Amino acid sequence: MTRWKIELRLPILTIGAEDIQIKFRRNRKAAGPYLIISRACGLALDTGNQSEPGNWTILWSPHAERQQLWYLRPTGVIGEFAVVSADNGLALDATRETIGDIHPVMSEVKDEVWQRWRLEDAPDGAAYLLQSAHSRRFMTVNHDAGQTWSRSQLRGGLTCVVAGA
């Protein structure tokens, strides 16, 4: 809480007020919005202007438009959050799969374990790793990543892998 004192001094009159209390509150339900950028290729996580549940995310050159902005919303589980698009309100979903080549999709926010993520410090301390709470796999970029006009190649740019794989 901040306390203020204000005085207005005129030649024949002084007007003042003391003990003014001002409360500054930040009642945010989510942190962000953030850009999520791959250190491997410099491309940003992007909705691709898609708004239907089940669509894959893509990687695109960072431009900080709404389709690349993401909120980290609390899930009620300590250290875990939902990654929610500022563009369409859909959550980043690691899917129920735990083996194979898993491509995250966008889904309605349901507070399921496959929609919960953790941040882990990168080994060099210069960034964070995004880990699925469900599969324990880390978000990474596969060999197909790269900005291109081919939608099929863009879709192949993001995957979840087991640490060290």
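Is Asn49 buried or exposed? With a relative accessibility of 57%, Asn49 counts as exposed, where exposed means over 50% relative accessible area, buried under 20%, and partly exposed in between (1.4 Å probe, protein chains only).

Before going on, a word on the ground rules: this is a predicted model, in which local features need pLDDT of at least 70 and side-chain atom pairs count only at pLDDT 80 or more, while totals for chains, interfaces and linings use all residues. Residues are numbered from 1 along each chain as its sequence is written, and side-chain values use heavy atoms, leaving out hydrogens and water.

Back to Asn49: look for it in the loop between β4 (44-46) and β5 (58-60). Strands here are DSSP runs of E, at least two residues long, numbered from the N terminus. Most residues other than glycine have a negative phi, and most peptide bonds are trans. Asn49 has a positive phi, near 60°. Asp111 also has a positive phi, near 55°, and sits in the loop between β9 (105-107) and β10 (117-121). Asp111 is partly exposed, at 43% relative accessible area.

Now for a peptide bond: Gly32 and Pro33 are joined in cis, with omega about 10°. Pro33 belongs to strand β3 (residues 31-34).

Finally, turn to the inside. The largest nonpolar core has twelve residues, among them Leu45, Trp70, Phe81, Ala94 and Trp117. Such a core is a set of buried Ala, Val, Leu, Ile, Met, Phe, Trp, Tyr and Cys residues joined through side-chain atoms within 4.5 Å. Strands β6 (70-74) and β7 (81-85) each give two or more residues to this core.

Conventions:
Helices (H or I, at least four residues) and strands (E, at least two) are DSSP runs, numbered from the N terminus.
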